[in-house]
Amino acid sequence: DVYDRPQARGLDLIGDLKRLVRHRAVLPPVLIVLLFQFSPGLSTPMQFYLSNTLHAPDTVYGAFNGIVSASFIPAFLAYSVLCRIFSLRTLLWIGAIASIPQMVPLAFIRTGEQALFFAVPMGLMGGLLTCAIADLAMRSCPDGLQGSLMMLVEGMGLLSLRASDAFGSAVYDADPNHGFLYCVIATTLVYSLVLPTLLLIPREVIAWKERDKATA
């Protein structure tokens with residue numbers, strides 16, 4: 001019944017946008033997704049590294065992305081259980097800490113087969129935070145604007161991903177011998193910035209478990 005509440009009705013487009021921007025809980029999930037999606041070690045730089053430096057078959061890059069995506073699924077399923085046991089605050093901190101070294105294995109790959117092997121732990125390390133960000137966004141939204149905030153979070157995430165691709169391509173092109181390593185380091189440093197961003201989240205948004213909401 002969230003869209004039937006008085007707070008969610010009676011405003012025009014401009015009024016809704018103002019209400020969304022002024023809602024202080026909106027800022028943290030947007031910042032977190034901007035940081036978490038900034039991964040210059042993936043996409044084009046990795047494709048260049050696999051093809052030009054490691055001379056791996058072109059199919060390896062596609063298989064790597066597929067394995068990473070599939071490896072998110074166990075973490076998603078685990079989150080559906082963990083969110084009823086632990087508060088969102090706990091899950092955000094665990095997910096953020098686990099995601100910091102997510103791209104580090106890429107610095108040690110020397111063959112295409114190694115890239116495929118490391119794809120599994122990389123997906124597992126990033127899956128928990130991915131769910132926690134979506135959970136945070138849904139909890140942080142003012143009444144009636146859930147769809148607007150989720151589109152904002154998703155859109156900012158895609159912009160960050162494409163910006164990181166352009167940045168990583170420029171770094172790789174500037175130094176083909178070490179550029180990919182620099183991209184991995186940059187990704188790890190940016191991911192570490194998620195931790196202080198968690199301190200911006202209002203306590204009342206993340207203090208409870210999903211089970212608490214169901215009971216209420």
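Predicted model: local features only at pLDDT ≥ 70, side-chain atom pairs only at ≥ 80, totals over all residues.
Residues are numbered from 1 along each chain as its sequence is written, and side-chain values use heavy atoms, with hydrogens and water left out.

**Surface entry.** I placed Leu-189 in helix H8 (residues 179-192), where helices are DSSP runs of H or I with at least four residues, numbered from the N terminus. Together with Leu-181, Tyr-182 and Ile-185, Leu-189 forms a nonpolar patch on the surface, with about 380 Å² of accessible area.

**Aromatic entry.** I counted ring pairs of Phe, Tyr and Trp (its six-membered ring) with centres within 6.5 Å, taking planes under 30 degrees apart as stacked, over 60 as edge-to-face and the rest as tilted; the count came to 6 aromatic pairs. One of them joins Phe-36 and Tyr-191, a tilted pair with 5.3 Å centre to centre and 45 degrees between the planes. This pair links distant parts of the chain, since Phe-36 is in helix H2 (residues 27-36) and Tyr-191 in helix H8, 155 residues apart. Both Phe-36 and Tyr-191 are buried. I then turned to Tyr-49 and Phe-180, whose ring centres lie 4.3 Å apart with the planes at 10 degrees, so the pair is stacked. Here too distant parts of the chain are linked, with Tyr-49 in helix H3 (residues 44-53) and Phe-180 in helix H8, 131 residues apart. Tyr-49 and Phe-180 are both buried.

**Core entry.** I looked up the largest nonpolar core and found 52 residues, with Met-46, Leu-50, Phe-64, Leu-92 and Leu-106 having the most contacts inside it; such a core is a set of buried Ala, Val, Leu, Ile, Met, Phe, Trp, Tyr and Cys residues joined through side-chain atoms within 4.5 Å. Helix H6 (residues 112-140) gives the most to this core, with 10 residues. Leaving aside neighbours within four places in sequence, I found Met-46 in contact (heavy atoms within 4.5 Å) with residues including Tyr-61, Phe-64, Leu-106 and Phe-180.

**Last entry.** I found Ser-71 in helix H4 (residues 59-82), where Ser-71 is buried because its relative accessible area is 7%. Beyond its neighbours within four places in sequence, Ser-71 is in contact with Ala-119, Val-120, Gly-123 and Leu-124.

Key:
Buried < 20%, exposed > 50% of the residue type's maximum accessible area, 1.4 Å probe, protein only. Helix = DSSP H or I, 4+ residues; strand = E, 2+ residues; numbered from the N terminus. Patch = residues over 30% accessible without salt bridge, like charges linked within 9 Å, V, L, I, M, F, W, Y side chains within 5 Å. Areas by Shrake-Rupley, 256 points an atom, 1.4 Å probe, with all protein chains shown as cover. Salt bridge = Lys/Arg side-chain N within 4 Å of Asp/Glu carboxyl O.
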